[in-house]
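Please open the model in a viewer and keep the selection tool at hand.

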Amino acid sequence: MFNSRIGKAFVLSALAGALLGQAGIAAAQTTGGTSTKTLEYRVASVTTAAETRTVETYSTQVLGFLAGNPTALVDVQFVLPFGDAAVQAAFATTRSILAAASVNPLSFSGPTLTSSSRVLSNSSSTVSEVKTGEEVLWVETVELVGQELFHLNSAQYGCVAVVKGVSFDCTVDYGDIFVAAGDTVLLTSAGVADYLLRTTVTTETFLNTAVYEIVGTPITQSVPEPGTGLLVGLAGLIAWRATRPRTA
């Protein structure tokens with residue numbers, strides 16, 4: 001039928017053909033009565049990875065009240081966190097507005113956090129794939145001597161099903177090849193693994209909401225009731241006269 005033999009020269013020839021990326025039967029290279037053909041088995045070996053990224057968004061509300069009045073005199077909202085300079089400036093502005101709205105001096109409490117939440121508002125994923133390398137995992141060479149019709153069955157001509165955990169399809173059929181009398185075909189089969197990294201990136205967006213209140217309370221000064229000073233004076237005078245020595 002035919003004889004099998006493996007040689008370094010043939011292996012190098014096969015590797016050159018494989019690395020050129022030719023799929024299926026390579027074009028024959030004739031050297032006298034000898035030609036070469038290559039069968040290439042190329043499969044993807046995929047490594048997966050996952051990554052999660054977090055995005056924080058904000059909704060910060062500032063409310064300003066005068067004590068005893070349930071209606072906010074100041075109500076502003078920012079898409080910024082508490083510590084942002086614009087939010088801090090809003091606190092100072094709120095105190096100024098409340099002070100201007102009051103006939104009395106104010107003492108202030110706050111900003112006081114009255115409510116807050118953090119909720120997932122959106123989630124999305126993207127998948128990317130990059131080739132990190134390739135490797136020739138096996139090479140087999142057989143000699144086809146004519147005159148004969150050969151059927152190129154991958155299992156018959158050296159396909160290796162599993163190498164380094166990489167599986168190859170050894171059921172591929174490459175059809176027939178006729179080798180004329182006096183001719184020889186060096187048939188090389190090679191298994192090549194393409195190493196791929198497939199990464200799934202999930203982006204999670206969170207909304208942080210917070211409500212802060214500033215309350216201005218009027219500062220009141222105590223004023224004596226009308227006539228209080230006169231009564232105090234009379235009481236003192238009576239007490240003085242009671243202790244004064246009587247004269248004959």
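**A tour of charged pairs, a disulfide and the cores**

Begin by selecting Glu51, which counts as partly exposed at 34% relative accessibility. The model in view is a predicted one.

Next, select Arg198 and Glu129, a salt bridge whose closest N and O atoms lie 2.6 Å apart. This pair links distant parts of the chain, since Arg198 belongs to strand S11 and Glu129 to strand S6, 69 residues apart. Arg198 is partly exposed at 33% relative accessibility, and Glu129 is partly exposed at 42%.

From here, display Glu40, Arg42, Lys131, Glu134 and Asp194 together; salt bridges that share partners join these residues into one network. Arg42 lies in strand S4 and Asp194 in strand S11, 152 residues apart. In total, the structure holds nine salt bridges.

Remain on strand S11 and select Ser189. Ser189 is buried, with 0% relative accessibility. Beyond its neighbours within four places in sequence, Ser189 is in contact with several residues, among them Leu39, Trp138 and Tyr157.

Now select Cys159 and Cys170, which form a disulfide with their sulfur atoms 2.0 Å apart. Cys159 sits in the loop between strand S7 (148-153) and strand S8 (162-163), and Cys170 in the loop between strand S9 (166-167) and strand S10 (173-179). The link is left-handed, with -75 degrees about the S-S bond. Both cysteines are buried, because their relative accessible areas, 13% for Cys159 and 19% for Cys170, fall under 20%.

For the last stop, select Leu144 and Phe168, which touch the most other members of the largest nonpolar core, a set of 21 residues. Strands S4 (34-66), S6 (106-145), S7, S10 and S11 (184-218) each supply at least two residues of this core. The largest share, four residues, comes from S6. To finish, select Leu66, Val87, Leu98 and Tyr212, which are included in a second, separate core of nine residues.

Terms used. Residues are numbered from 1 along each chain as its sequence is written. This is a predicted model: local features need pLDDT of at least 70, side-chain atom pairs count only at pLDDT 80 or more; totals for chains, interfaces and linings use all residues. Side-chain values use heavy atoms; hydrogens and water are left out. A disulfide is a pair of cysteine sulfur atoms within 2.5 Å. Buried means under 20% relative accessible area, exposed over 50%, partly exposed in between (1.4 Å probe, protein chains only). A nonpolar core is a set of buried Ala, Val, Leu, Ile, Met, Phe, Trp, Tyr and Cys residues joined through side-chain atoms within 4.5 Å. Contact means heavy atoms within 4.5 Å. A salt bridge is a side-chain nitrogen of Lys or Arg within 4 Å of a carboxyl oxygen of Asp or Glu.
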